[in-house]
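Open the model in your viewer and keep the selection panel at hand. The stops below go from a ring pair to the ligand.

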Amino acid sequence: MPDLQSPDLPSPDQEGPPHRRVRSFALRRGHVTPAQRRAYETLFPRVAIAFEDRILDLEQAFGRRAPCVLEIGFGMGETTAAIAAARPDIDFIAIEVFVAGIGALARRIEEMELSNVRVIQHDATEVVRRMLAPATLAGVHVFFPDPWPKKRHHKRRLIAQPFAGELAERINRGGYLHCATDWQPYAEQMVEVLSAEPRLENLHPGFAPAPVNPLAERPVTRFHARGKSLGHGTWDLIFRRAGA
Ligand SMILES: C[S@@+](CC[C@H](N)C(=O)[O-])C[C@H]1O[C@@H](n2cnc3c(N)ncnc32)[C@H](O)[C@@H]1O
């Protein structure tokens, strides 16, 4: 079965010209284990928020008023679950498109009895644009986004304009954006794009000493470990929403 089967994702027809979408994720088929499939079917609905074309009421979604952190592209969700467990005072919205990863995170949420994580299966750029009001996020995590190394694919990189500006607009004054990558040219693009964004200021000259995060240490993610095994470096960046 395909590892990507969100009914919320735009159909190929919706992608055609003149509103052709550029996606930051690959439409790939991947292996889903029976346990991930079961968790996707039985546990994910308990923590799912459906994509809707209207602003999300965060207080209603979590049943309390607390600072909210957004994670885009959580992969298998190991970092999401670890940080959410370390910070029960913070609410987390975690976005991913792939069934295997969503199943894996749903299982961690159940096993670790986390009540502060909600999961959205949809293109995060659409979620940010349509569901999140300006100045509502205490933080944003983008850990090891797809690097799209080929020049013709650079337009698919997530940390680029106009999305970087849209993301910055959703962060509270004093809130932060933490990105990490193992791909140096993308790291350099991130510094350039985020430094040019007037709503953000870099907390460190250039890159942050890894793996510092304003909430909790950033655990090594699956893609971080993969980058290390390939001999890649790691670059963390932490920007704050200006005007605190
Ligand atoms: C290279 S993986 C990194 C996963 C994880 N953060 C890690 O470090 O192991 C990037 C992930 O981001 C997800 N992703 C990319 N663009 C996305 C988007 N627009 N909306 C939701 N997820 C996205 C992909 O599906 C993929 O699982």
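Rings of Phe, Tyr and Trp (its six-membered ring) pair if their centres lie within 6.5 Å; planes under 30 degrees apart count as stacked, over 60 as edge-to-face and the rest as tilted. A search of the whole structure finds 1 aromatic pair. Select Tyr40 and Phe44: the two rings are stacked, 5.3 Å centre to centre with 20° between the planes. Both Tyr40 and Phe44 are buried (under 20% relative accessible area, 1.4 Å probe, protein chains only).

This is a predicted model, in which local features need pLDDT of at least 70, side-chain atom pairs count only at pLDDT 80 or more, and totals for chains, interfaces and linings use all residues. Residues are numbered from 1 along each chain as its sequence is written, and side-chain values use heavy atoms, with hydrogens and water left out.

Show Glu96, where a polar side-chain atom lies 2.5 Å from a ligand oxygen atom. For Thr221, a polar side-chain atom is 2.6 Å from an oxygen atom of the ligand. The protein covers 97% of the 590 Å² of accessible area that the ligand has on its own (Shrake-Rupley method, 1.4 Å probe).

Technical notes: Buried < 20%, exposed > 50% of the residue type's maximum accessible area, 1.4 Å probe, protein only. Polar contact = N/O pair within 3.5 Å; in protein donor to acceptor, adjacent residues only side chain to side chain.
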